[in-house]
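This note collects points for a colleague who has the coordinates open. The points are numbered and may be checked one at a time.

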Amino acid sequence: MNRIRNCVAICFLLFVPELVAASMNAWIATWATSPQSGTPNPREPLLNVDNQTVRERVLVSIGGSQIRLRLSNECGSSPLLIGAVSVAIPTDASYVKRESIQRVTFEGRNSVTIPSGAPVLSDPIVFPVKSGTEISISIYFPKRVATPTLHAFAFKHAVISQPGNFTHAEKIDAAAKSTALISLDAILVPAEPSERLVVAFGDSITDRDGSTVDADNNWPSNLIRRAAKTPKTSTLAVVNKGIVGNRLLRDGEIFGVSALARFDRDALVLSGVSHIVLLEGINDICFPGVKDDDRYLADPADAPSVQDITDAYWQLISRAHARGIKLIGATIMPCEGADIPGYYSEAKDATRQEVNKWIRTSGAFDGVIDFDAVVRDPSHPSQLLPKFASKDHLHPNDAGYKAMADSIDLNLFK
């Protein structure tokens, strides 16, 4: 009887090799972002999408012969109907190359309904891409999106169409534009044995605040370009999992759940992840006592100690190591002169410097990237070097982000 079963199994494998190959194929994220609930900004056009097509663009980090899209309704409170999706090579925010347009399917169907709180993965699409390729994704929403899953700081212009399905149009005439992103969560390519994935995990400094819109001049994107030019790291994927205003220890009404709460979802479970670069903690230190209009971003009495922050680091390190993933710590950068009243104080900066000392000397991380040493003003170490500072004196500018990426020892990602 066992021989009969074995014969049946062998015959099945011989005659349906495509099923065997499909079951064994691994995929790796070449681009990804962190899902967020809808921003309270009433002027955000992505909060009012109804029978419209949204065309948005992303920069992939490694290439492949196929891609898969991961769409998200993880922040939605009701099912999300996706009417049609296409991918193409863009020439700008509105235009794509007509000959490059490809239909995206889900179990062979053009449309899909995503349950509340869930993502969905597309079928593989024959759409060859190279490292540094920009991809345009057009998504048609037949019904009003009541509770969209967004990423607020995409820093790339997306266009929202007039009413209708324009997923296969060469040009979308914009009824509105946004620098946020809706529903798209990740892009995957077939994984090769030599490929590794680095997740840039952090707050607004990882999430590209202060950089030029449409230029991809944040530090993770600069790392993509640098790694692609170096033979030993040309198979290194880099994805950006920063969220503006994010904190290690506390959730924020408009800044997403804490790093401790989102670490598994946004970093540990990504396809192919081998390394995580952690740059987070400045908002835990500096938010207490800061007001947004008439309410505090964090209670003045809620100031964390150095021990609170390093305990959170230990927890993230332990959770990464439990999955065989290396966690690299990045030092927290200075912020004196930040244009947010109350964000900086000498006491807060003393906490930052003690945390940085722990990052550098504790040996807890699998490696250290000293961003603080790269961008601080040597003559005034509590503030950014002027040539690296954006207008708000909190976030780096394009030159600062490039200096950060250029400073990273690529041997950390062996």
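Of the 84 residues in the largest nonpolar core, which touch the most other members?

1. The model under review is a predicted one. In the largest nonpolar core, the residues that touch the most other members are Ile67, Leu69, Ile135, Ile137, Ile276 and Tyr313. Helix α6 supplies the largest share of this core, with 6 residues. A second core, separate and made up of 29 residues, includes Val198, Ile224, Leu279 and Ala405.

2. When residues up to four places away in sequence are not counted, isoleucine 135 touches Glu56, Arg57, Val58, Val60, Ile67, Val87, Ala88, Pro90, Phe127, Val129 and Ile187. Among them is Ile67, which is listed with Ile135 among the core residues that touch the most other members.

3. Helix α6 (residues 306-321) packs against helix α7 at an angle of about 35°, and the two axes are 10 Å apart. The crossing of α6 with α7 is right-handed. On the α6 side the contact is made by Val306, Ile309, Thr310, Tyr313 and Trp314, and on the α7 side by Thr351, Glu354, Val355, Trp358 and Ile359. By class, the residues of this contact are 7 nonpolar, 2 polar and 1 charged.

4. Salt bridges number 20 in the whole structure. Glutamate 134 and lysine 156 form one through their side chains, at 2.4 Å from N to O. Glutamate 134 belongs to strand β10 (residues 134-141) and lysine 156 to the loop between β11 (150-151) and β12 (158-163), so this pair ties together parts that lie 22 residues apart in sequence. The two partners may be viewed in turn: glutamate 134 is partly exposed, at a relative accessible area of 23%, whereas lysine 156 counts as buried, at 5% relative accessibility.

5. A salt bridge also joins arginine 352 and aspartate 372, with their closest N and O atoms 3.1 Å apart. Because arginine 352 is in helix α7 (residues 346-361) and aspartate 372 in helix α8 (residues 371-375), the pair ties together parts 20 residues apart in sequence. Arginine 352 counts as buried at 2% relative accessibility, and aspartate 372 is buried with a relative accessible area of 3%.

6. Arginine 360 and aspartate 370 form a salt bridge in which the closest N and O atoms are 2.8 Å apart. This pair links distant parts of the chain, with arginine 360 in helix α7 and aspartate 370 in the loop between β22 (367-369) and α8, 10 residues apart. Arginine 360 counts as partly exposed at 34% relative accessibility, as does aspartate 370 at 25%. A network of salt bridges links Asp349, Arg352, Arg360, Asp370, Asp372 and Arg376.

7. How many of the 10 residues of helix α3 are buried? Helix α3 (residues 219-228) is mostly covered, with 7 of its 10 residues buried. These buried residues are Trp219, Pro220, Ser221, Asn222, Leu223, Ile224 and Ala227. Their cover includes β2 (52-59), β16 (196-202), β17 (236-242), β18 (273-279), α8 and α9 (398-406).

8. Aspartate 251 sits in the loop between β17 and α4 (259-268) and counts as partly exposed at 46% relative accessibility. Apart from its neighbours within four places in sequence, aspartate 251 is in contact with Gly256, Val257, Ser258 and Ala261. Between the C-alpha atoms of aspartate 251 and arginine 226 the separation is 34 Å, the two residues being 25 apart along the chain.

9. Two backbone angles deserve a check. Most residues other than glycine have a negative phi. Glutamate 107 is not a glycine, yet has a positive phi of about 55°; glutamate 107 lies in the loop between β6 (102-103) and β7 (112-114) and is exposed, with a relative accessible area of 53%. Histidine 393 likewise has a positive phi, near 60°. Histidine 393 is placed in the loop between β24 (380-384) and α9 and counts as partly exposed at 39% relative accessibility.

Note on methods
Residues numbered from 1 in each chain as written. Predicted model: local features only at pLDDT ≥ 70, side-chain atom pairs only at ≥ 80, totals over all residues. Heavy atoms only, no water. Salt bridge = Lys/Arg side-chain N within 4 Å of Asp/Glu carboxyl O. Helix = DSSP H or I, 4+ residues; strand = E, 2+ residues; numbered from the N terminus. Buried < 20%, exposed > 50% of the residue type's maximum accessible area, 1.4 Å probe, protein only. Axes fitted to C-alpha atoms, helices over the stretch in contact; angles between N-to-C directions. Left-handed = near helix turned anticlockwise from the far one by under 90°. Contact = heavy atoms within 4.5 Å. Nonpolar A, V, L, I, M, F, W, Y, C, P; charged D, E, K, R; others polar. Core = buried A, V, L, I, M, F, W, Y, C linked by side-chain atoms within 4.5 Å.
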